Amino acid sequence: MDYILCSDDYSLFREKLLNRSDSSMELFRAVSESIETIARKLNAGFIGCGLMAPATPLAPNGENGTMTLFHDKNKLPQIPVKSDFVQVTPTGEKGFFTFIAHPVSGHTFTEDEVKAIKLIGMDCFTLGGRARLIGMVQKASTTDLMTGAPNQSGFIQFANTLLSQKKRNNYVGLFINLKNFKYINKSMGSQVGDTALKIYVNMARAQLKEDECIGRLGGDNFFVLVNKENSKDFIDKFSNLSVNLSLGPKPLSFRIQARMGVYNVAEGDSIDELMHNSSIALNVAKSLHRDDIAYFTSDMLIKAIHQREISTEFHNAIREKEFIVYYQPKVNLVTKELCGSEALVRWLRHKTIVPPMDFIPILEREGTICNLDFYVFEQVCCDIQQWISEGIDPVRTSVNFSKNHLSRPDFADRILSTMAKHNVKSQYIEIELTEVSDYDDSVAMQNFVDTMRKNNISVSIDDFGTGYSTLNVLKNFNVNVIKLDKSLLDNIGKDKSQDEVVVKNVVNMAREMNKEVIAEGVESEVQAEFLKGINCTNVQGFLFDKPLTNKDFKKRLTGEHVY
Ligand code: C2E
Ligand code: CA
Ligand code: CA
């Protein structure tokens with residue numbers, strides 16, 4: 001009977017099986033389509049198989065099934081309860097593959113027939129396993145193993161199929177980023193974080209219809225394609241989802257909050273376009289800090305293109321020295337003398353002056369602001385050295401440093417070494433920082449301020465009065481200057497202004513703590529008079545000067561221009 005296994009029939013049978021396979025059941029179906037000739041030669045009346053595989057992250061329901069591979073009802077009308085041939089093979093992940101065969105009625109399998117059937121069973125087992133493995137590898141490359149949802153490429157595949165079957169403008173694309181996920185991870189542990197992610201995805205999948213889908217793009221980022229009519233419910237529920245967990249001894253209840261960028265899919269949109277547009281809306285939601293949900297508009301796209309231009313042109317602009325430092329004078333209200341200045345950067349781009357608010361927030365988000373701040377600082381040091389070499393006495397100049405620097409361990413050293421390089425004395429420099437809300441940043445800021453103060457360099461808190469931990473700043477940081485934000489002065493002189501009380505008391509408090517106070521954005525005589533009245537004598541604002549070019553500022557330094 002050996003000849004059966006090396007016959008043309010058998011190689012044809014095997015060949016067919018090799019070509020068709022990314023699931024065991026599909027392979028067994030192929031077996032059933034091509035086994036007949038061999039089964040008859042082996043005098044088999046029935047051949048069948050069964051697979052029982054446990055659940056895995058890739059197959060959450062496991063794999064269970066039996067299949068008739070061959071049955072000649074004429075020669076074996078009734079399948080006996082007890083099988084003549086049974087072969088059970090463990091699959092290696094606590095599952096079993098069973099292969100059974102019965103001879104045609106009245107026949108008993110010969111030894112050779114049993115040998116051949118055994119080998120066919122083994123072949124089905126190995127080829128079925130191979131098919132399963134191929135299927136799993138394919139699935140693994142398109143599935144997020146933690147949540148079981150499609151990953152980015154799986155989502156794109158599935159979304160493409162959906163969009164090819166239905167009108168695109170029926171759909172809404174949602175780019176989702178969990179808002180408080182880092183906090184959940186940090187405060188409750190990563191196991192709770194992982195479970196929270198799984199729950200979020202499972203609940204979303206349970207809510208979504210068959211022609212909708214969610215994919216995990218990585219970390220706490222998800223993308224959802226949902227029918228327009230279901231989108232409002234989905235957004236409402238999954239932007240603030242209540243979760244109950246029982247992982248440890250105590251049940252946990254918390255909310256998972258999410259920011260979402262919402263895009264109404266249009267006919268003709270590719271999956272790339274719709275994901276891109278939703279992500280632009282999400283970035284707007286992130287930067288606004290007002291609403292967690294942002295709906296895409298074409299303005300957002302124009303802005304995003306502009307932002308991309310800014311960030312791609314930035315490095316070249318630094319190299320080409322397109323950034324110019326302006327100086328805004330600080331003036332003493334009593335003596336009407338120049339008492340300091342603030343360095344403010346401008347970008348001379350395509351022959352027009354670009355104000356910092358058009359590019360600094362973009363550079364801050366990307367971290368490249370650090371290069372610009374040191375570029376400005378270097379220029380300020382150069383200018384001070386130059387003025388001194390010309391016999392001009394400089395004033396203390398403040399330079400803005402983004403909070404991005406705080407996470408860099410060499411921040412203070414870089415400032416000290418830049419000053420040393422240009423031989424600039426500490427009395428001429430003031431470092432302007434804004435408040436921080438993050439604990440780590442706050443520790444870094446305390447250390448940084450202490451190092452600066454030890455080196456007799458002034459440090460100011462910029463935009464004082466706009467943050468939420470304002471009073472803590474006075475208490476916790478050893479800064480020597482407070483810069484009152486313009487917004488605190490806007491209502492001065494107006495009827496029933498509570499701001500006058502606030503400003504007066506902040507100035508008093510700062511003075512009692514031995515800190516200098518300077519008011520920013522002073523535009524009117526009324527404001528100046530009020531400030532003088534409460535003994536806040538140093539001011540900066542359009543009432544005296546706008547930020548000036550080096551050339552114009554020099555005229556203030558030399559006394560050529562007086563106030
Ligand atoms: P800031 O540090 O609060 O700077 C003060 C801003 O208020 C400046 O705007 C200044 O021109 C403006 N200003 C001054 N007096 C008045 C006034 O009386 N009325 C009004 N309406 N505005 C006044 P600017 O130069 O456009 O800078 C905007 C912001 O850009 C700065 O706000 C600062 O946060 C940032 N910035 C500027 N240069 C740098 C820099 O070199 N590095 C960093 N990190 N940020 C910078
Ligand atoms: Ca400033
Ligand atoms: Ca300011």
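**View 1. The largest nonpolar core of the predicted model and its most connected members**. This core holds 77 residues, and those touching the most other members are Phe 359, Leu 372, Phe 377, Ile 415, Ile 431, Phe 448 and Leu 531. Helix H13, which spans residues 369–389, supplies the largest share of this core, namely eleven residues. In soluble globular proteins, nonpolar side chains tend to be buried together.

**View 2. The surroundings of Ile 431**. When residues up to four places away in sequence are not counted, Ile 431 touches Phe 377, Val 399, Phe 401, Ile 415, Phe 448, Met 452 and Ile 457, and also Ser 458, Val 459 and Ser 460.

**View 3. Protein donors of the calcium ion (ligand 2)**. Glu 342 (OE), Asn 400 (OD1), Glu 432 (OE) and Asp 462 (OD) are the protein donors of this ion, at distances of 2.2 to 2.3 Å from it. Along the chain, these donors of ligand 2 follow the spacing E-x57-N-x31-E-x29-D.

**View 4. The calcium ions ligand 2 and ligand 3, with Asp 462 coordinating both**. The two ions lie 3.9 Å apart, and Asp 462 coordinates each of them. Glu 342 belongs to strand S12 (residues 338–349) and Asp 462 to strand S16 (residues 458–464), so that distant parts of the chain, 120 residues apart, are linked by this pair. Glu 342 has a relative accessible area of 3% and is therefore buried, while Asp 462, at 7% relative accessibility, also counts as buried because the cut-off is under 20%.

Technical notes. Residues numbered from 1 in each chain as written. Chains lettered and ligands numbered in written order. Predicted model: local features only at pLDDT ≥ 70, side-chain atom pairs only at ≥ 80, totals over all residues. Heavy atoms only, no water. Core = buried A, V, L, I, M, F, W, Y, C linked by side-chain atoms within 4.5 Å. Buried < 20%, exposed > 50% of the residue type's maximum accessible area, 1.4 Å probe, protein only. Helix = DSSP H or I, 4+ residues; strand = E, 2+ residues; numbered from the N terminus. Contact = heavy atoms within 4.5 Å. Donors = N, O, S within 2.8 Å, 3.2 Å for Na, K, Ca; no water.
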